[in-house]
Amino acid sequence: MAITVSEYIVERLYEWGIRRIYGYPGDGINGVFGALNAANGKIRFIQARHEEMAAFMASAESKFSGGLGVCIATSGPGASHLLTGLYDARLDHMPLLAITGQQARTAMGGHYQQELDLASMFKDVAGSFVQQASAPAQVRHLIDRAIRTAYGERRVAVIVLPNDLQEEEYQEPPRAHGTVHSGMGYSRPRVIPHQEDLELAAEVLNAGSKVAILVGAGALGATDEVIQVAEKLGAGAAKALLGKAALPDDLPWVTGSIGLLGTEPSYKLMNECDTLLMIGSGFPYSEFLPEEGQARGVQIDIKADMLGLRYPMEVNLQGDAAQTLHQLLPLLKEKTDRSWRQEIESWRADWDRTLEDRAMVSANPINPQRVAFELSPRLPDRCIITCDSGSCANWYARDLKIRRDMMCSLSGGLASMGAAVPYAIAAKFCHPQRPVIALVGDGAMQMNNMAELITVAKYWREWENPRWICAVFNNEDLNQVTWEQRVMEGDPKFEASQNIPNVPYHKFAELIGLKGIFVDSEDAVAGAWEQALASECPVLIEFKTDPDVPPLPPHIKLEQAKAFASTLLQGDPDQMGIIKQTAKQVLSRILPTSNDK
C-alpha cells in the first residue's frame, strides 16, 4: 500500500524511538501534521504557544531524558521562531532534531510568500547537518543521518521539507547510481583515553597537595566516580551551573556554584589550589579559575574542542566522564594529609551561615534570597528544578541545596531569558511522576513564559503527579541587568529600559484554571511553599520581591567597587534602597539577628 512522504517520515521517526514532538502547526508543514494525526498517537504532538518555546522544550527533553529532543514548525516565521531555542541546545551540546516546512519546490526562488533561505538561515546553529529535501527517495537518509549526527556529535540537526514534497508518494531509493541506502541505529561508543594518558593525569593529581575539582554537565552521570576521586585526593569540588546536580550539596567539601553567580568558598577553592581537575565543563569565565601558572591542570571532556580551552591544562583526556574516572581511580594515591580538605569544609560551613544570614535580612517587601532559602529544605525527593536567566539565577545557584536523584537545569551557554517554563513543561512530560519547580523572573514571565502557562493548563490533568510549580520573582525590574549597569558600567539604573509593568501573575494563573498564590510578606514565604507543594493542581506563586537586594558576587573587585561608587555619586533612582540593602547584605554576619528595621 502506497504511503506519502510525510507518513514515511513519521514511521521512520517512530522506529528511531521518537515518542514526542514539540511544535506549532502551519500550512507549510501540514503534510507531516496529517501523518501524525493518522498515526493514532504513535508519536505524541505537544502543542506549545510559540515555536521558540517548542525548541526550548526539545532542548530540555534532551537534557532531562538523555534522548533526542524533536521540534517542528511551519515555513517562514515558524522556522525562524525556532532559532533561539535551537541555539540553547547548540551551546549546551544537546542533541536536537528540528523539522520545518518550506514553500513548494516550484515556487522556490520566486520571492514567494514565507519563502526564506532556510538552509542558509540554519547553517550556523545546525552546521553539522542541515538539508532541504528535494525528492521522496531522499528523505530516508536525511532522517537517518540527521538523527545519527545529532546523537553522535551532540549537535542540532535540521531537515527542511517543501510542502508539495510532503504529499507525494514515498519511494524507496532505487538500486542505481546517485542514490543513498541508509539504515537506522546508533549506540554511544565507550570513549576512554589511552592508558599512558591516564597515567600522566594520575601523576599530576597525585603530586598536588591542594586539589580542586570543577564539574559541569558532562559529570551528571558520574556522581559516584567524582565522589570517589575527591575522597582519594582530599579535594574540594565546585560546580558550574549546568553541573549543579552532579554532586549533592550535603557533602561538606562541595563548595557550590562558581563564577559571578557563585559562592565565596568556590572562589577561594580556585584561588588557593595547586592542582585543577575539570570534568565535563565548559565554564567560560577564566577569571574565576586559577591564575595561569598557579595550578597544574587535568581536564576530562567528551568533546575534543572543549579541552584546554579555559585553562592551559597539562593533561587533556578525551572521554566519557564516568568511564574515564573509573579507569583513573586505581592510579590515584590516597592522600593522608587532610588539612586542605578541612580548610575547604570550614569555608563551606562559614558560607552556609552567611547565606542564612543574608536570606534572613529583611527587605521591602520580600528578600528574594529568602524565597530560595525557604524552598531548599522543602524540595521534594527526586524533584526537577528549572531556572530562568536573571537575578533569580543567583538565588538558584547559591541558596538551593541539591540532593541525590534531583535534576535541575537552565539555559547555560546561551543564558536566554524565557527558558524556565518550557523547560519545566518538557521535564514533566519526560518524568510525569516527579514534582517540577520553575524559578522565573517577572521579565521572563512577561517576555514569553506567561503564555506557556496555557500549555500547562492544557495538559496537566494527564500528568501522573500534578505537582508543577512556577515561582515568579516580581520586583518590577529587569534586575540582573540593572545591577550589571551599576556594578560593571558604573551607571545608575536606566528606568526607561529597566522598569517593567506590575502584572498580577497569580490572577492570570487563576483565570486559566491553575492555582494562584500571592505572597508579599517574608513571614508567609515558607507557608506558601508548603501550600504549593501540597496542591493537587499546578500552582503559580507570585513573590513580591525587593529589587534593591544586591546579587553580590563571591569577590568584589576594586573596579567593581569604584563603578558602584560612581553609580551612587551620579544618583541612582533607587539610591536609598540599594544603599540600605547593600549595607545589610555586607554586614549581615555582624549585625544583630533581629535587624528588621
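Which residues of strand 14 (residues 407-410) are buried on one side, and which on the other? In this predicted model, Met407 and Ser409 lie on one side and Cys408 and Leu410 on the other, and with all of them buried both faces of the strand are covered. In a regular strand the side chains alternate between the two faces of the sheet.

Strand 14 pairs with strand 13 (residues 384-387) in the parallel sense, over four bridges, and within this pairing cysteine 387 has leucine 410 of strand 14 as its bridge partner. Between the two strands the chain passes through helix 15 (residues 392-399), and the β-α-β crossover made in this way is right-handed.

These two strands belong to an open sheet of six strands, which pair in parallel and follow the order 14-13-15-16-18-17. Strand 14 and strand 17 (515-519) stand at the edges, and because each has a single partner strand, one side of each is left without a neighbour in the sheet. On average, neighbouring strands of this sheet are turned by 15 degrees against each other, direction ignored. Further along the order, strand 15 (residues 436-441) and strand 16 (residues 468-474) pair in the parallel sense over six bridges, with tryptophan 468 of strand 16 as the bridge partner of valine 436. Helix 3 (residues 51-65) packs on the sheet, where it touches strand 13 and strand 14, and its direction makes about 150 degrees with that of strand 14.

Turning to the helices, helix 16 (residues 420-430) has 11 of its 11 residues buried, so it is largely enclosed by the rest of the structure; among these buried residues are Tyr423, Lys428 and Phe429. Glutamine 369, placed in helix 14 (residues 368-375), is buried as well, because its relative accessible area of 3% falls under the 20% cut-off. Leaving aside residues up to four places away in sequence, glutamine 369 touches Arg358, Ala359, Trp395, Asp399, Val549 and Gln585.

Side chains of opposite charge can pair when their charged atoms come close, and the count of salt bridges here comes to 26. One of them joins the side chains of aspartate 144 and arginine 12 at 2.7 Å, N to O, and this pair links distant parts of the chain, with aspartate 144 in helix 7 (residues 139-153) and arginine 12 in helix 1 (residues 5-15), 132 residues apart. Both aspartate 144 and arginine 12 are buried. In another salt bridge, arginine 44 meets glutamate 462 at 2.6 Å, N to O; here arginine 44 counts as partly exposed at 31% relative accessibility, and glutamate 462 is partly exposed at 42%.

Definitions and conventions:
Residues numbered from 1 in each chain as written. Predicted model: local features only at pLDDT ≥ 70, side-chain atom pairs only at ≥ 80, totals over all residues. Heavy atoms only, no water. Buried < 20%, exposed > 50% of the residue type's maximum accessible area, 1.4 Å probe, protein only. Contact = heavy atoms within 4.5 Å. Pairing = 2+ DSSP bridges. Right-handed = clockwise from strand over helix to strand, strands pointing away. Axes fitted to C-alpha atoms, helices over the stretch in contact; angles between N-to-C directions. Salt bridge = Lys/Arg side-chain N within 4 Å of Asp/Glu carboxyl O.
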